[in-house]
Amino acid sequence: FPMQGYLRRSGGGAADGPGSFGWARSQAEAASPPGWRSSRRLAWKAVALLRALLACAVLSAVTGLFIRVAVNMSAVLLFVVAASAQQASSATCCGTHVPSIALLVRSFPWIGVYVNMLNGAGRPIWPLLRAHAVFVLMQ
């Protein structure tokens, strides 16, 4: 199982066991040229570590953003679909009952509280849903 990267597998196999991975001398010398002093090698390793930590932080931030947008936008889309379905039909559509917005109000309280207040006051919920969708898209 030789690799073309930095590590090569030595010994072992499917029947012999897992084997081990090790550095070849040429690979170790290429990663740390002999002309470099120990302080320069240490600085190079510190920079490599900082770059790895920065990459990890950026990946975590981007993943968190995608999850936030997916969760919040799915709630907005569910409210839009439920409100549209209720406006399109009075109580039934094709013989099936249209789910009530009250179920969504309890499922997504961060939007549901405001939808409930607007419904109680007899006001439309569309401006709230548009504002929430724009907010999520701007994140």
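**Reading burial and helix packing**

Analyst: Of the 139 residues of the chain, 17% count as buried. The model is a predicted one.

User: Which secondary structure elements does the chain have, and in what order do they run from the N terminus?

Analyst: The chain comes to five helices and four strands. Starting at the N terminus, the order is β-β-α-α-β-β-α-α-α.

User: What share of the contacts between residues at least 6 apart in sequence joins residues at least 24 apart?

Analyst: For this chain the share is 37%.

User: How do I read the angle between two helices, say helix 4 and helix 5?

Analyst: The angle is taken between N-to-C directions, and a value over 145 degrees counts as roughly antiparallel. Helix 4 covers residues 109–120 and helix 5 covers residues 126–138; their axes come within 10 Å and cross at roughly 155°. Helix 4 is therefore roughly antiparallel to helix 5. The crossing of helix 4 past helix 5 is right-handed.

User: Which residues meet where helix 4 contacts helix 5?

Analyst: From helix 4 come Trp110, Ile111, Tyr114, Val115 and Leu118, and from helix 5 come Leu128, Leu129 and His132. Sorted by class, this contact has seven nonpolar residues, one polar residue and no charged residues.

User: At what angle do helix 2 and helix 5 pack, and how far apart are their axes?

Analyst: Helix 2, residues 38–88, packs with helix 5 at about 155°, and the axes are 10 Å apart. Because of that angle, helix 2 is roughly antiparallel to helix 5. Here the crossing is left-handed.

User: Which residues make up the contact between helix 2 and helix 5?

Analyst: On the helix 2 side they are Val69, Asn72, Met73, Val76, Phe79, Val80, Ala83, Ser84 and Gln87; on the helix 5 side they are Trp126, Leu129, His132, Ala133 and Val136. The class count is ten nonpolar, four polar and no charged residues.

User: His132 is listed in both contacts. Is histidine 132 buried or exposed?

Analyst: The cut-off for buried is under 20% relative accessible area. Histidine 132, found in helix 5, has a relative accessible area of 18%, so this residue is buried. Setting aside residues up to four places away in sequence, histidine 132 touches Asn72, Val76, Trp110 and Ile111.

User: Where is asparagine 72, and what is its relative accessibility?

Analyst: Asparagine 72 sits in helix 2. With 15% relative accessibility, asparagine 72 counts as buried. Beyond its neighbours within four places in sequence, asparagine 72 is in contact with Trp110, His132, Val136 and Gln139.

User: Where does glutamine 139 lie, and how does its accessibility class read?

Analyst: Glutamine 139 is in the segment after helix 5. The relative accessibility of glutamine 139 is 31%, so the residue counts as partly exposed.

User: Which residues does glutamine 139 touch, not counting those up to four places away in sequence?

Analyst: Glutamine 139 touches Leu65, Arg68, Val69 and Asn72. For Val69, the chain and spatial separations can be set side by side: glutamine 139 and valine 69 are 70 residues apart along the chain, while their C-alpha atoms are separated by 7.7 Å.

Conventions. Residues numbered from 1 in each chain as written. Predicted model: local features only at pLDDT ≥ 70, side-chain atom pairs only at ≥ 80, totals over all residues. Heavy atoms only, no water. Axes fitted to C-alpha atoms, helices over the stretch in contact; angles between N-to-C directions. Parallel < 35°, antiparallel > 145°, perpendicular 65-115°, else oblique. Left-handed = near helix turned anticlockwise from the far one by under 90°. Contact = heavy atoms within 4.5 Å. Nonpolar A, V, L, I, M, F, W, Y, C, P; charged D, E, K, R; others polar. Buried < 20%, exposed > 50% of the residue type's maximum accessible area, 1.4 Å probe, protein only.
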